[in-house]
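Biologist: I am new to this structure and would like to learn how to read its charged residues. Could you take me through them step by step?

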Amino acid sequence: MTPEVHARGKVSAMTDLEHRRPHVRLMRIALQDFRNYAWLQLHLDGRHVCLYGANGAGKTNLMEAVSMLSPGRGLRGAEFTDLIRRDAEGQPARRWALSADVRDGDIDRKLSLSLERDDEGRSKRTARLDGVTTAQNDLGEVMRIIWLTPAMDRVFVGPAGDRRRFLDRQVMAHFPSHGTFGAAYEKAMRQRNALLERGGADPAWLDALELGMASAAAAMATHRVDAVKMMQEAILARPEGAFPKALIDLDGVFETEAANGVALTDIEQEIAAQLRKNRPRDQAAGRTTQGVHRTDLRVIHGPKGLPADQCSTGEQKALLMGLILSNAQALFERDFAPSPLLLLDEAAAHLDSDRRAALYDELTALGGQAWLTGTDHSLFDAFGDRAQRFEVSHGVVQEG
Ligand SMILES: Nc1ncnc2c1ncn2[C@@H]1O[C@H](COP(=O)(O)OP(=O)(O)O)[C@@H](O)[C@H]1O
Ligand SMILES: [Mg+2]
């Protein structure tokens, strides 16, 4: 393990696995009626996990199941009801369920999450931590999960909303409550838009909604600024290597204020004042025209000094991989948060063999558990004995 990989002063150059904080690993996962899996149980030995098999076999579905063990809607951002297995006739099962054993150092934790539908089509989700019913968000106390999927390939050239979702996902891994603030903000914003559209709304009602939006937005801006700062520090501390360094920056008025040290309560008041001032304009536009729901993430390819959207597709993919690895590093370095699990869907296939080997070395140096998928098992040869391999075929998984 090279000392540079985690050189940030906190960890000495003498660092090896024994001296580091223990890492979170998935040791068992079971799926019931989840996507194309009727029933699956995998026992893991704590190494990295490689899933290989034909297209449509269920590799991403299995990774998606893992990603559900953290706050939010997982790596496809799917509705919970879409995860219910449908049989060959398209008939959905009544419920899906996931359970997992997680090892954090020498502590074992049990996580579970399920969705049950009744005859009226209502559905109820249940999360449990060590057998005790809890909120799904609390799973974030045990598992922090970040991922890279083929759908993210165009994140730098796509609409700002895609980058914002990417950003917020990285932020959520640092601050599990970030997603809750985001949901509260969106909900209040929809209600405000509807009230404005209807016209003649009670100003006190608008005031209340806008105050709710302002307090969520100020927290979101602060979380974003703090997470981006940790990511940027981790990027700059990375050794030069297979994945180029990015310069990242937030494009949002309130994030800039938070970065400049403006107090949270002052930002909150400014946002509330802006919303109130914008009422006529927002009413005319039919939407909330300004706010943290418009923030963008600016990314520059460090070595080239070029905005990411002007880089080649290959360069953009490498940049994205570097960003995810850096955020993993940033998460590993946090003192009071569980270490992250990394899910890399179809990420190995488009790398040349040197970069692939560099990726596997870097994942091993990070120290946690990474999950990877690919169509061919030879993609993972350079892992040697550092990974467990599973063949996925029509919703059946076998160690191979
Ligand atoms: N709710 C569901 N019920 C049953 N099958 C599903 C469901 N959702 C997706 N699938 C099936 O899962 C398969 C895709 O699995 P996926 O994990 O994406 O494959 P890959 O191995 O290529 O990553 C498709 O055949 C799709 O029809
Ligand atoms: Mg897939």
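Biologist: Does Glu255 count as buried or exposed, and at what relative accessibility?

Modeller: Bear in mind that this is a predicted model. Buried means under 20% relative accessible area, so Glu255, at 2% relative accessibility, counts as buried.

Biologist: With which residue does Glu255 form a salt bridge?

Modeller: The general idea is to look for a side-chain nitrogen of Lys or Arg within 4 Å of a carboxyl oxygen of Asp or Glu. Here Glu255 forms a salt bridge with Arg224, and their closest N and O atoms are 2.7 Å apart. This pair links distant parts of the chain, since Glu255 lies in helix 5 (residues 253-259) and Arg224 in helix 4 (residues 203-237), 31 residues apart. Arg224 is buried as well, with a relative accessible area of 1%.

Biologist: Which residue pairs with Asp249, and where do the two lie?

Modeller: Asp249 forms a salt bridge with Arg298, with the closest N and O atoms 2.9 Å apart. The pair joins distant parts of the chain, Asp249 being in strand 9 (residues 246-251) and Arg298 in strand 10 (residues 296-301), 49 residues apart. Asp249 is partly exposed, with a relative accessible area of 38%, and Arg298 is partly exposed at 41%.

Biologist: How many salt bridges does a search of the whole structure find?

Modeller: Such a search finds 30 salt bridges, and Arg192, Asp207, Glu210, Arg276, Arg279 and Asp282 are linked in a network of them.

Biologist: Which residues gather in a patch of positive charge on the surface?

Modeller: Lys277, Arg281, Arg287 and Arg294 form that patch; Lys277, found in helix 6 (residues 264-277), is exposed, with a relative accessible area of 62%.

Methods: Residues are numbered from 1 along each chain as its sequence is written. Chains are lettered from A and ligands numbered from 1 in the order in which they are written. This is a predicted model: local features need pLDDT of at least 70, side-chain atom pairs count only at pLDDT 80 or more; totals for chains, interfaces and linings use all residues. Side-chain values use heavy atoms; hydrogens and water are left out. Patches are made of residues with over 30% relative accessible area and no salt bridge: like charges are joined within 9 Å, nonpolar side chains (Val, Leu, Ile, Met, Phe, Trp, Tyr) within 5 Å. Accessible areas come from the Shrake-Rupley method with a 1.4 Å probe; for residues, only the protein chains shown count as cover. Lys and Arg count as positive and Asp and Glu as negative; His and the chain ends are not counted. The place of a charge is taken as NZ of Lys, CZ of Arg, CG of Asp or CD of Glu. Helices (H or I, at least four residues) and strands (E, at least two) are DSSP runs, numbered from the N terminus. Buried means under 20% relative accessible area, exposed over 50%, partly exposed in between (1.4 Å probe, protein chains only).
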